[in-house]
Amino acid sequence: MTASDLPAPGVAVVTGAGSGIGRAAALALASRGWAVVLAGRRAEALAATRAQATEGARLLVQPTDVADPAQVETLFDAAVAAFGRVDLLFNNAGTGAPPVPLEDLSLEDWRRVVDVNLTGAFLCLQAAFRRMKAQTPQGGRIINNGSISAQVPRPRSVAYTATKHAMTGLTRQASLDGRAYGIACGQIDIGNAATEMTARMSRGVLQADGRLVPEPTMDVSAVGEAVAYMAGLPPDANVQFMTVMATAMPFIGRG
């Protein structure tokens with residue numbers, strides 16, 4: 001297969017695009033010619049992402065709380081109005097809860113994490129399905145950010161772990177339900193990318209045996225490249241699950 005056999009870049013919606021993994025993915029996609037809709041709760045952070053893009057990149061800033069169904073619909077309507085269609089959703093927005101013992105986690109914190117990580121992901125996936133089924137040519141691709149926590153937990157992370165395990169269920173169901181409409185769905189599980197969220201890892205992370213141990217991280221641009229690879233596959237190919245992680249982080253044999 002040559003480069004000419006691959007599909008031309010299309011229109012991507014990236015949630016959580018104002019920082020970290022979302023920003024890295026959005027910039028990687030934009031550098032390859034994708035039109036990218038930058039979604040996130042903080043308009044100023046989205047503007048900072050746009051400012052880092054290569055000259056001539058086609059970007060739209062759309063402040064969005066993915067836990068709000070009306071805002072999600074507005075996001076996808078704006079993408080279609082600006083660029084005509086939606087070819088890719090990187091379902092990336094996420095949040096965590098305070099690292100407290102399971103029995104001490106407040107219901108408010110539990111619901112907040114579920115609202116963003118699970119319900120928000122579902123709302124975006126559902127909105128993408130509607131547009132991808134209705135457009136001509138039909139179809140598209142969805143990449144869910146599962147996280148290493150979709151496979152194994154960390155201590156004191158029940159809400160995050162539960163929602164990320166649930167993301168795997170969303171991925172599998174979307175893969176099945178999207179098949180008839182040319183909608184591919186895959187998941188990327190990311191471990192210890194160097195972002196604002198993982199800055200504490202250099203100071204020590206709670207391990208299963210109770211120790212605080214610094215953990216290695218990797219450059220977040222590697223995640224952007226991985227997402228761009230998954231996004232750039234031809235329509236008849238799909239990465240169902242990918243794990244990209246800092247080489248020396250505790251994962252294989254964790255605990």
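Biologist: Which residue of E2 does Thr15 stand opposite?
Modeller: Thr15 stands opposite Ala39 in E2. This is a predicted model: local features need pLDDT of at least 70, side-chain atom pairs count only at pLDDT 80 or more, and totals for chains, interfaces and linings use all residues. Residues are numbered from 1 along each chain as its sequence is written, and side-chain values use heavy atoms, with hydrogens and water left out.

Biologist: How many bridges join E1 to E2?
Modeller: Five, and the two strands run parallel. Strands pair here if DSSP finds at least two bridges between them. The labels are DSSP runs numbered from the N terminus: helices are H or I with at least four residues, strands are E with at least two.

Biologist: And how many join E2 to E3?
Modeller: Five again, also parallel. There, Val36 stands opposite Leu59 of E3. E2 covers residues 35-40.

Biologist: What is the strand order in the open sheet?
Modeller: E3-E2-E1-E4-E5-E6-E11. That makes seven strands, with parallel pairing.

Biologist: Which strands stand at the edges?
Modeller: E3 (59-63) and E11 (241-245). Each has a single partner strand, so one side of each is left without a neighbour in the sheet. The twist averages 15° from one strand to the next. Angles run from 0 to 180 degrees between N-to-C directions, and axes are lines fitted to C-alpha atoms, for helices over the stretch in contact.

Biologist: What does E11 pair with, and over how many bridges?
Modeller: E6, in the parallel sense, over five bridges. Gln187 has Phe241 of E11 as its bridge partner.

Biologist: Which side chains of E11 are buried?
Modeller: Met242 and Val244, which point to one face. Buried means under 20% relative accessible area, exposed over 50%, partly exposed in between, using a 1.4 Å probe and protein chains only.

Biologist: Back to E2. How many of its residues are buried?
Modeller: Six of six, so to speak mostly covered. Ala35, Val37 and Ala39 point one way, while Val36, Leu38 and Gly40 point the other way.

Biologist: Which strands does helix H1 lie across?
Modeller: E1, E2, E3, E4, E5 and E6. H1 (residues 20-31) runs at about 170° to E1. Helix H4 (residues 107-134) also packs on the sheet and touches E1, E4, E5 and E6. The direction of H4 makes about 175° with that of E4. Contact means heavy atoms within 4.5 Å.

Biologist: At what angle do H1 and H2 cross?
Modeller: Roughly 35°, with the axes coming within 10 Å. H2 is residues 43-52. Arg23, Ala26 and Leu27 of H1 make the contact with Ala45, Ala48, Thr49 and Gln52 of H2.

Biologist: New topic. Is Gly224 buried or exposed?
Modeller: Buried, at 0% relative accessibility. Gly224 lies in helix H6 (residues 221-231). Not counting residues up to four places away in sequence, Gly224 touches Ala24, Ala25 and Ala28. The C-alpha atoms of Gly224 and Leu29 are separated by 7.8 Å, although these residues are 195 apart along the chain.

Biologist: Where is Pro155?
Modeller: In the loop between E5 and H5. Pro155 is partly exposed, at 32% relative accessibility. Its contacts are Leu206, Gln207 and Ala208, not counting residues up to four places away in sequence.

Biologist: Which residue of that loop has a positive phi?
Modeller: Arg156, at about 60°, although it is not a glycine. Arg156 is partly exposed, at 45% relative accessibility. Asn192 also has a positive phi of about 60°. Asn192 lies in the loop between E6 and E7 and is buried, at 6%.

Biologist: Which peptide bond is cis?
Modeller: The one from Thr136 to Pro137, with omega near -5°. Pro137 is in the loop between H4 and E5.

Biologist: Last one. What sits over the ring of Tyr181?
Modeller: The charged end of Lys133, 4.2 Å from the ring centre. The rule is NZ of Lys or CZ of Arg within 6 Å of the ring centre and within 35 degrees of the ring normal.
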